[in-house]
Amino acid sequence: MSEPEAPMRYQEDGNVHLDFHGAVNTTIAFIVARYGIDALHQIFRRVGTDVYQDLRAHLLAGDSHEIARHWQHFFVREGADFDIAVTDEEIVLTVRRCTAWHHVNKIHGAVSAQFCDQTVVVNSAMAEGTPFSIETSITGPGACRQVIRRRA
Amino acid sequence: MIPSDHFTRFYNEVFKFLEAQGEADLDGYFLEISKNQEKHILELIRESGFAGMYKYWSVIRDEENCELDLGYDDDKFELRMHLCPSLTKAKDNDAKTWGRYCDHCAGWIGPIMDKTGYHLVYDVIDRDKPQCVMRIFKDGDKAREAEKDVALLMGWPGRKPT
């Protein structure tokens, strides 16, 4: 019998408030307009290194599966259309319909050009200096592919 | 995607960045968030007054998993927060919590009340505890009277507590 998994560092339950994604979009537009894209990326980098310290610690310890657990938990909570494929070489998250992107598009009528930078930069910051890379490709409006691989 | 569950921890990082730029930068951001929130609450207040506020904060209570009481009478609307999930998450955080995290609530709500002709009295009580009391009055004099009884009165852009 396998041991039950320890809870993740952040593992919210209860209801979700999707309008927060609208506030993220507003924040992105505000920061870019006033301080530039580098400042926005500085904030996202902090999220990757400081807020997600625990996910980063797993990567540093050679464990890439904690991020897959994180993806599974939160993409289900958000009601996204996605799947996660795990092989010996890589973990691939394919997002066919990102709830965040589509919710913002619905309530604001447009999505900031830098909206998906939150994913690209947070992923990159979490993986920096670890044995893994996380590459994010935007494959369409509200769609992306995120791949965790051990660095060569 | 930063999950909506983790928005408050992202928000916390934004506040720290803006505080380093200056107080006017924080005020500018609160006003921008306030403008964003108008989409969700302005029409409700203009059309239904306190009943509209009740409707808006009932949704917030449910979707954000807040422990709070809501009520209103002829004079005032009152929200009594017993356990704020926003501050709770900002504190349950591997990143350092911004010491004035609670300031954002009055920061966006105050300008909307100014715009709609209501008078906000926001008592955060203690910035380190996830509890607060928000009262919104029709009458400015009653609001000023109520300000005398608060533990920690919050201001907002255009109206700083004296």
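Which residues touch the most other members of the largest nonpolar core? The views below come from a predicted model, where local features need pLDDT of at least 70, side-chain atom pairs count only at pLDDT 80 or more, and totals for chains, interfaces and linings use all residues. Residues are numbered from 1 along each chain as its sequence is written, while chains are lettered from A and ligands numbered from 1 in the order in which they are written.

**View 1. The largest nonpolar core.** Here's the answer: A:Val47, A:Val122, A:Met126, B:Leu120, B:Tyr122 and B:Ile136, out of 86 residues. Helix 2 of chain B (residues 23–63) gives this core its largest share, nine residues. A core here is a set of buried Ala, Val, Leu, Ile, Met, Phe, Trp, Tyr and Cys residues joined through C-beta atoms within 7 Å; buried means 20 or more other C-beta atoms within 10 Å of a residue's own, with C-beta atoms placed from the backbone. Helices are DSSP runs (H or I, at least four residues) and so are strands (E, at least two), numbered from the N terminus.

**View 2. Around A:Met126.** Skip the neighbours within four places in sequence, and A:Met126 is in contact (C-beta atoms, placed from the backbone, within 7 Å) with A:Gly48, A:Tyr52, A:Leu55, A:Arg56, A:Leu59 and A:Ile134.

**View 3. Where chain B meets chain A.** On this interface, 25 residues of chain B are in contact with 34 residues of chain A. Helix 2 of chain B supplies the largest share of chain B's side, eight residues.

**View 4. A hairpin in chain B.** Strand 1 (residues 67–72) and strand 2 (residues 76–83) of chain B run antiparallel, joined by six bridges; pairing takes at least two DSSP bridges. Three residues sit between these strands in the hairpin, and B:Leu70 stands opposite B:Leu79 of strand 2.

Technical notes: A residue is buried if 20 or more other C-beta atoms lie within 10 Å of its own, exposed if 12 or fewer, and partly exposed in between; C-beta atoms are placed from the backbone. Two residues are in contact if their C-beta atoms, placed from the backbone, lie within 7 Å.
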